[in-house]
Amino acid sequence: MFSFELIAHSTESRARAGMVRTSHGVVETPVFMPVGTRGSVKSVTPEELLAVGAQIILGNTYHLYLRPGCDVIGSFAGLHQFMHWDGPILTDSGGFQVFSLAKLAKISEEGVTFQSHLDGSSHLLTPEKVIDIQNCLGSDIMMCLDDCIQYPATRKDSLTALEITTKWAKRCKQTWRESETEHNALFGIVQGSMYTDLRQRSAEELMIVDFPGYAVGGLSVGEPAEVMLEMADYTLPILPDTKPRYIMGVGTPENLVELVALGVDMFDCVLPTRNARNGQIFTQFGTINISNAQYKEDTEPLESGCKCYTCRNYSRAYLRHLYMARELLAYRLNTIHNIHYFISFMKQMRQAILADKFESFRKDYYQKLEN
Ligand SMILES: [Zn+2]
């Protein structure tokens, strides 16, 4: 059921527009996926996600595996029913959270052992197990277990992580094939830290295993933005044109426009949701902080011309008041605007690619930021 179709290519850059088909619906790329870490995009409902134009959301395997667990989600035949979201869902493998959240994470050839950050219980995630968990979640797009190394990393450590990532990718593919119910896809994840030859090797090894799509992992882990873009610029053209390309955990609107120019199709990031809860609002003219005193009596919406529910109905003064008073509605209304902004931004980029005007879109974007 899973397929990817390229619709248009920019003639001035590597930007491209496509269509990902899943059994839960079609995703028009380039696309931004809101992050629903624990089976919820924080503070908003699935109806609100649909209203802002979300086409696909991301769930975190690590969190959902630990709580509520596959016994609970499995009894709902998966995450879609459990959380009442009928659209496509991509789940990560859990590897990234094991290293960023869990205690005593330890890698061996077999898999990764760790202690839950919730109750200290011990767990082992193997490539086979992460596929089983993602099958239980009913993901439309699942990810291979990978060894996402920290930044900076030595060449030796990066090579070891790359080799484990390839071995695990083969085992993930094998388990996925055996369990394949023909409704989902499995993506491989390119590692190699900030070494171009290792990036190339990782990509080539994964392409031999052959996946329905590829992610570039291990970016946005603390490296400067130029290095992130340099690695993406180097790695993306190695990957097959006919498969979707996903950059994990990136990023700012500036990162998105640059990475779309390099040919990325899919993105996820907690930035619009997390920052909304901290009062930071994204607009086409840059970010604003709603707690700023200058908005105290401001009767304008967050962003003039924005068609989101928040901007159609509420003023900056009211949103600032909610935020300063720690009213729960502040988080929801700010989140609606920020996700709407990211999704509309991607849609505008897609339109620009279809019209073969991506470069002028990019120029306009930077010009507005300067004003
Ligand atoms: Zn808005």
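The donor residues of the zinc ion follow the sequence spacing C-x1-C-x2-C-x25-H. In this predicted model, the protein donors are Cys-306 (SG), Cys-308 (SG), Cys-311 (SG) and His-337 (ND1). These atoms lie 2.1 to 2.3 Å from the zinc ion. The angles among the four donor atoms run from 100 to 117 degrees. The site is therefore tetrahedral, as all angles fall between 85 and 135 degrees.

Helix H9 spans residues 225-235. Its buried residues are Val-227, Met-228, Met-231, Ala-232 and Thr-235. They cover an arc of only 135 degrees around the axis, which places them on the same side of H9. An α-helix has 3.6 residues a turn, so residues three or four places apart point the same way. The buried residues of H9 pack against both helices and strands. The helical partners are H8 (196-209) and H10 (253-261). The strand partners are E12 (185-190), E13 (213-216) and E14 (245-247).

An open sheet of three strands is found in the order E8-E9-E10. Pairing within the sheet is antiparallel. Strands E8 (103-107) and E10 (122-125) stand at the edges. Each has a single partner strand, so one side of each lacks a neighbour in the sheet. From one strand to the next, the twist averages 15 degrees. E8 pairs with E9 (residues 112-115) over three bridges, in the antiparallel sense. Thr-113 in E9 is the bridge partner of Lys-106.

Definitions and conventions. Residues numbered from 1 in each chain as written. Predicted model: local features only at pLDDT ≥ 70, side-chain atom pairs only at ≥ 80, totals over all residues. Heavy atoms only, no water. Buried < 20%, exposed > 50% of the residue type's maximum accessible area, 1.4 Å probe, protein only. Helix = DSSP H or I, 4+ residues; strand = E, 2+ residues; numbered from the N terminus. Arc of directions from axis to C-beta. Contact = heavy atoms within 4.5 Å. Donors = N, O, S within 2.8 Å, 3.2 Å for Na, K, Ca; no water. Tetrahedral: all angles 85-135°; square planar, octahedral: opposite > 155°, others 65-115°. Pairing = 2+ DSSP bridges. Axes fitted to C-alpha atoms, helices over the stretch in contact; angles between N-to-C directions.
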